[in-house]
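I opened a new structure today and kept notes as I went. I wanted the overall build before any detail.

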Amino acid sequence: MVSVTAHADYSHHPGSEAFVNTMVEKHNFDREWVMAILKQAEPKQSILDAMSRPAESVMTWGRYRNIFIQDSRVAQGVEFWNEHKEELARAEKEYGVPASMIVGIIGVETRFGRNKGSYRVVDALATLGFDFPRRGTFFLGQLEEYMLMVREQGLEPFSLKGSYAGAMGFGQFIPSSYRAYAVDFDGNGQIDIVNSSVDAIGSVANYFKRHGWRYGEPVVSGAVIKKGVDESLFNAGLKPEKTLAELSKAGIDADHAFAPSLKATAMKLDGESGDEYWIGLQNFYVITRYNHSAMYAMAAYQLSQLIAAQMHEASSS
């Protein structure tokens with residue numbers, strides 16, 4: 001079990017001097033301002049506990065899916081889509097990312113803004129940066145990005161709340177993603193994915209576009225498995241490395257007719273009723289750039305499709 005270290009506050013942590021020097025020398029921050037932020041940041045043992053047991057690493061696909069695929073979340077997705085129909089259509093046209101996929105991501109991340117996180121972002125990033133050695137370098141980098149972000153946006157550094165990993169807003173962007181991909185989609189001159197659902201819609205779409213989403217291409221397919229297939233072909237990696245033709249030759253076929261030249265990855269997930277076999281394509285890989293988990297990508301995509309089906313049914317009736 002990882003525990004917060006015994007120190008008066010993060011301004012006295014053994015790693016704080018190097019961090020403060022980076023902010024001052026690399027980014028021209030006021031030393032006293034950075035020290036004051038570290039002094040007020042509160043260590044949170046509950047953050048370290050949560051970080052040590054992420055759902056993707058301890059759950060079966062069957063259990064994980066049931067968290068996110070529920071009638072209530074689908075209904076909330078329909079409500080969100082109807083409320084933001086114009087903005088979602090504009091995002092789809094501008095960025096080439098389906099409205100359904102944008103809605104699916106926001107639904108999985110925060111139940112459409114209902115659960116954006118209760119930890120102060122400063123506390124989360126300082127706790128993980130200074131007291132979570134396995135990924136401390138990454139989270140100190142995010143604390144650096146966060147301080148840059150609040151300076152650029154003119155925000156009060158302790159005003160923003162998010163997840164235990166320091167992710168913010170409707171779409172749960174970490175600070176580096178906020179700075180790189182968040183957009184002012186409502187045109188009010190301020191990028192605000194925490195309070196503006198419209199900015200969040202445009203920002204999720206921009207993230208997907210920048211990570212290589214291909215409009216109109218398939219995302220995932222069920223797989224038909226021939227007897228005696230090599231098990232090592234499954235879950236070899238999230239990135240599509242083999243063509244569908246190569247997988248077919250090895251005994252793994254998509255249950256839809258796609259171009260044989262498309263790159264794909266084969267997956268086996270432990271579902272509620274036994275093993276499930278899937279084939280993920282380029283757009284599935286793009287979803288995993290948001291969260292590096294096949295189960296996450298599958299949940300987001302399946303939620304998006306269920307919401308889209310409800311929207312289609314309502315418009316047809």
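My entries below go from the whole chain to the sheet and then to the cores.

**Entry 1: the whole chain.** I noted that this is a predicted model. I looked up the secondary structure and found 15 helices and 7 strands in the chain. Next I checked the dimensions. The C-alpha atoms fill a box of roughly 65 × 45 × 35 Å along the principal axes. I then asked how the radius of gyration compares with that of a compact globule. For 317 residues such a globule would have a value near 20 Å, and the chain has 21 Å, so the two agree.

**Entry 2: surface and burial.** I looked up the accessible surface of the chain, which is about 14800 Å². Carbon and sulfur atoms account for 49% of that surface. Of the 317 residues, 52% count as buried. I also checked contacts between residues at least 6 apart in sequence. Of these, 72% join residues at least 24 apart.

**Entry 3: the sheet.** In what order do the strands of the open sheet lie? I read it as β4-β6-β7-β3-β5, 5 strands with antiparallel pairing. The edges are β4 (242–243) and β5, and each of them pairs on one side only.

**Entry 4: around β3.** I followed strand β3, residues 220–225, to its partners. It runs antiparallel to β7 (residues 274–280), and 3 bridges join the two. Two of the partners in β7 went into my notes. Ser221 is bridged with Ile279, and Gly222 with Trp278. I then turned to β5, residues 252–254. Here too 3 bridges make the link to β3, and the strands run antiparallel. Ile225 stands opposite Ile252 in β5.

**Entry 5: the cores.** Which residues have the most contacts inside the largest nonpolar core? I found Phe208 and Ile287, in a core of 90 residues. Helix α15, residues 294–316, gives the most to this core, with 11 residues. I listed what Phe208 touches, leaving out residues up to four places away in sequence. The list holds Val97, Met101, Ile105, Trp213, Val286, Ile287 and Tyr290. A second core is separate and has 12 residues. Among them are Ala223, Val229, Phe234 and Ala266.

Definitions and conventions: Residues are numbered from 1 along each chain as its sequence is written. This is a predicted model: local features need pLDDT of at least 70, side-chain atom pairs count only at pLDDT 80 or more; totals for chains, interfaces and linings use all residues. Side-chain values use heavy atoms; hydrogens and water are left out. Two strands pair if DSSP finds at least two bridges between them. Helices (H or I, at least four residues) and strands (E, at least two) are DSSP runs, numbered from the N terminus. A nonpolar core is a set of buried Ala, Val, Leu, Ile, Met, Phe, Trp, Tyr and Cys residues joined through side-chain atoms within 4.5 Å. Buried means under 20% relative accessible area, exposed over 50%, partly exposed in between (1.4 Å probe, protein chains only). Contact means heavy atoms within 4.5 Å. The radius of gyration is taken over C-alpha atoms; the globule rule is 2.2 Å times the number of residues to the power 0.38. Accessible areas come from the Shrake-Rupley method with a 1.4 Å probe; for residues, only the protein chains shown count as cover.
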